[in-house]
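The following paragraphs are intended to be read alongside the sequence and the three-dimensional view.

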Amino acid sequence: MSDDKELSRELTRFVVETRYEDLSADVVERMKRSLLDLVGCALLGSIGETAPAFARYASAHAGRPEATIFGSGQRTSAVEAAFINGAHVHSTEMSETFTRALAHPGNSVIPAVLAVAERDGRSGRDVLTAVAIGYELLIRLGAVVGPNLVMEQGLHGPATLGIFGASAAAAKVGQLEAEVVRNAIGIGANSAPMSLIAMMYQQATAKDIFQGQAAALGVQSADLARAGITGPQAWIEPWLHAVPRTSDTSQLLKDLGTDWRVSSGGLHFKLLPVMAMAAPTLGALREILGEGPLAAADVAHVLVESSSRIDLGRIAFPDNMVAARASLPFLVGAVLSHPEPFLADPYLRRFLEPSLLADEQVRALARLVEMSTDYEFDYNIEKAWPMKFEARVTVRLANGEVRQGYWDTWPQTSQMNYAQVADKFFAITSAIIDTEPAERIVAEIAELDSASSVEGLAALLRPSTPVTPVTTRSAPVA
Amino acid sequence: LLPAIFATGEREGASGQAVLVAACVSYEVLIRMGLTVGARLVLDQGLHPPTVLGSIVASGASAKVREASADVVANAFGIGACMVPTALMASGYQHATVKDLFQGMAPATGVMAADLAATGLTGVRDWVTSWYAAVPRHYELDPLLDRLGSYWHVSSGGIRIKTRPVMAMAQPTMGALHGLLSEQALDWQRVKRIRVASSRRIELGRIYHPDTVVSARASIPFLVAAALVHPQEFVADAYLLHFLEDDHLTDPDIARLQDVVELEVDPEFDYNLERAEPSGDPAHYMKFEARVTIDLDDGEQVVAYKDMFAAGTGNMSRNDVERKFRAVVAGLIEPARADAIVSNVWRLDEADSVQPLVDSFTGALDGSA
């Protein structure tokens, strides 16, 4: 029979007692891939649409130089570095995810861990251990609250949960005593932002701060615990009572520490800078366009079928690029209007330009898009294993012809090896850092388990000539 | 709200009037939001309303005091509504000192949200609908806009100034005991049973044997026992500035006596606190009450009652507030500095800048006050 503190106690014990030696080779390997992916996304975000606003914020709030803002020459306090790097990662919509758990663990965990590790001089093994623990915690908590947290309640799961992983991982990499680790997570539970998914529906650009805030508060929670502030011993129980309207903790502790969710194959990498739910739709469109040309003017109707999470993409006419990345009708319209640039750009680095926002043909096609839930797809993403992450797109032409494409994103993105993640890294950072330092970053992370500190990696992430953020885009910024 | 307003006002060189306007407007919004969610946010859901609601409103307040455009103010609210910390009442029950950070989190969140809005980032436009749908499980939106701008809750008498450094719900209990122990001696060793009746919010004070002063301030059983075991110290210390010492946490007599303290809800008290209007029908005027019933070993029963509103904390004069201020800062700052602060606050509406007031907190005194 469990007591009212059992969940918190066991989760805290997992954080405190897990050592590098307890991680399997597979966990270590996967965490290296995750680190490389997240660092690449942070660099990409440093030149994104909202980066100028964050640069202004960082400049106005520059703290003691403790940790690096990736892609800039700037070092600031660990809290601010975690905030800016996390926001940059989130802004790309391209970082790895554990879709079933509605978690982007790396977005909050990795910026927090790297900031503290750089400040406190921790080793590569310390980093890998803390990252693995933070990921595992977040994935398990994401499964506890499930999609209802976002779909029914309107909270942004990764941002709302992110601080649990970030505070645990920041405390772990800070090598705090067991009691202090517990306090850090407890303080984190009290600081966890209740982030509204309406940010996305209402096209607010501050959505990009979500997981930066979780990362920063994670570092802050660990720092406050280190200063002597105490947190509640039972932290997850009152949080589950206060915030989510539904939860299922039956699997939360199952095989904790022995069967790692991070090794389950549930993590998958994103190859496109769009909301996760849009990826299979764009894959299906690629299939359709691969069969032969399709004239935009001939399109009479487009039906997009996917899981019930498709509702997250129900933004018809985005007015900025932050919202555009989450708008299925817009993305479908853009692809059908401009098929060749889309097909030629595998990571959509150039395709998603602000000019598309005012493109009349894109808007006209977006109006033709109907979105629908396929309940088999819904089962396959929420319940089945191996899971599928699917969409089917049916394009009906004015002459009655029907073209149909189907895509399951899962097989391609859930089992990428380090070389494949590195390929993505090189592609998305090519405009930001030169080839030689990019290769060194890839090598540095590959050998992280033998690094005595992360300073070498941090130095590579501070280019001597930072790339200027894209201020000319349509911007959310004044 | 005020730490957010002062911090932003100092940085931005705001005038005294700008500070006062931001304070009045944000107080009004915060009070109205509090009325929309009521006590269930804390009692049923376990969230700390002053922090949860304060974070949102501090965002608007910080934007207001810098006299930002309407768009930026709206964006600050919309960003702040997405940054609200999950301040858990359980932290208080579990004696965690993080509780003291709660209302530091709120102004910090507010200033950050306003700063982010000032960089050009946009927030949720319809933050009211979205936030209420996602966070509180029970709410009634009518108080939010009811006579907004014509009827000011800040002038209703509903704001009450605390005179003791204990959780609000413990105030009427301590007031009742203060009245009782001021008038008669009572041997705590003869006490068999103590019943404390108040509104349903009394549950917030159901903490036995606190191990930190942070949780002691919220523990009604501890506070009652401490007052009865040390009545002279308690009565002599009007603002309880010296009474709540660490020693009391380990005092075996206080530990023993708090075990006989029972907390109960009086439905009439609950109605008077939650429903009666602060400035409405005098027959149903808002009350903030507690009744302490003490059973002694010879069968005698002693009863003490206090309504903190009737005691004047809802309508304290400048002199009353000034007296409290001077008492609580005595020994912390020199009298001249206290004089300067008081003077600068009373003349805030005439000040071109909030800086002289801020300087009177920490800087050199220029003798102008």
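Predicted model: local features only at pLDDT ≥ 70, side-chain atom pairs only at ≥ 80, totals over all residues.

**Salt bridges and helix packing**

R40(B) is partly exposed, because its relative accessible area is 39%. The side chain of R40(B) meets that of D44(B) in a salt bridge, with an N to O distance of 2.8 Å. D44(B) also counts as partly exposed, since its relative accessibility is 27%.

Over all chains, a search of the whole structure finds 49 salt bridges. Among them is the pair formed by E10(A) and R13(A), whose closest N and O atoms are 2.3 Å apart. These two residues are three positions apart in helix 1 (residues 6-17) of chain A, so about one helical turn separates E10(A) from R13(A). With a relative accessible area of 38%, R13(A) is partly exposed.

A further salt bridge joins the side chains of K254(A) and D255(A), at 3.6 Å from N to O. K254(A) is partly exposed, as its relative accessible area is 43%. D255(A), at 36% relative accessibility, likewise counts as partly exposed. Elsewhere in chain A, salt bridges link R75(A), E118(A), E455(A) and R462(A) in a network.

Attention now turns to the packing of two helices. The axes of helix 2 (residues 25-45) of chain A and helix 21 (residues 435-446) of chain A come within 9 Å and cross at roughly 150 degrees. Angles over 145 degrees count as roughly antiparallel, and helix 2 of chain A is therefore roughly antiparallel to helix 21 of chain A. The crossing of helix 2 of chain A and helix 21 of chain A is right-handed. On the side of helix 2 of chain A, the contact is made by K32(A), L35(A), L36(A) and V39(A), while helix 21 of chain A contributes I441(A), V442(A), I445(A) and A446(A). By class, the contact between helix 2 of chain A and helix 21 of chain A comprises seven nonpolar residues, one charged residue and no polar residues.

Where does A115(A) lie? A115(A) belongs to helix 5 (residues 105-120) of chain A. A115(A) counts as buried because its relative accessibility is 4%, and the cut-off for buried is under 20%. Leaving aside residues up to four places away in sequence, A115(A) touches A67(A), A78(A), A81(A) and A82(A). For A115(A) and A78(A), the separation in sequence is 37 residues, and the C-alpha to C-alpha distance is 5.0 Å.

Terms used. Residues numbered from 1 in each chain as written. Chains lettered and ligands numbered in written order. Heavy atoms only, no water. Axes fitted to C-alpha atoms, helices over the stretch in contact; angles between N-to-C directions. Helix = DSSP H or I, 4+ residues; strand = E, 2+ residues; numbered from the N terminus. Parallel < 35°, antiparallel > 145°, perpendicular 65-115°, else oblique. Left-handed = near helix turned anticlockwise from the far one by under 90°. Contact = heavy atoms within 4.5 Å. Nonpolar A, V, L, I, M, F, W, Y, C, P; charged D, E, K, R; others polar. Buried < 20%, exposed > 50% of the residue type's maximum accessible area, 1.4 Å probe, protein only. Salt bridge = Lys/Arg side-chain N within 4 Å of Asp/Glu carboxyl O.
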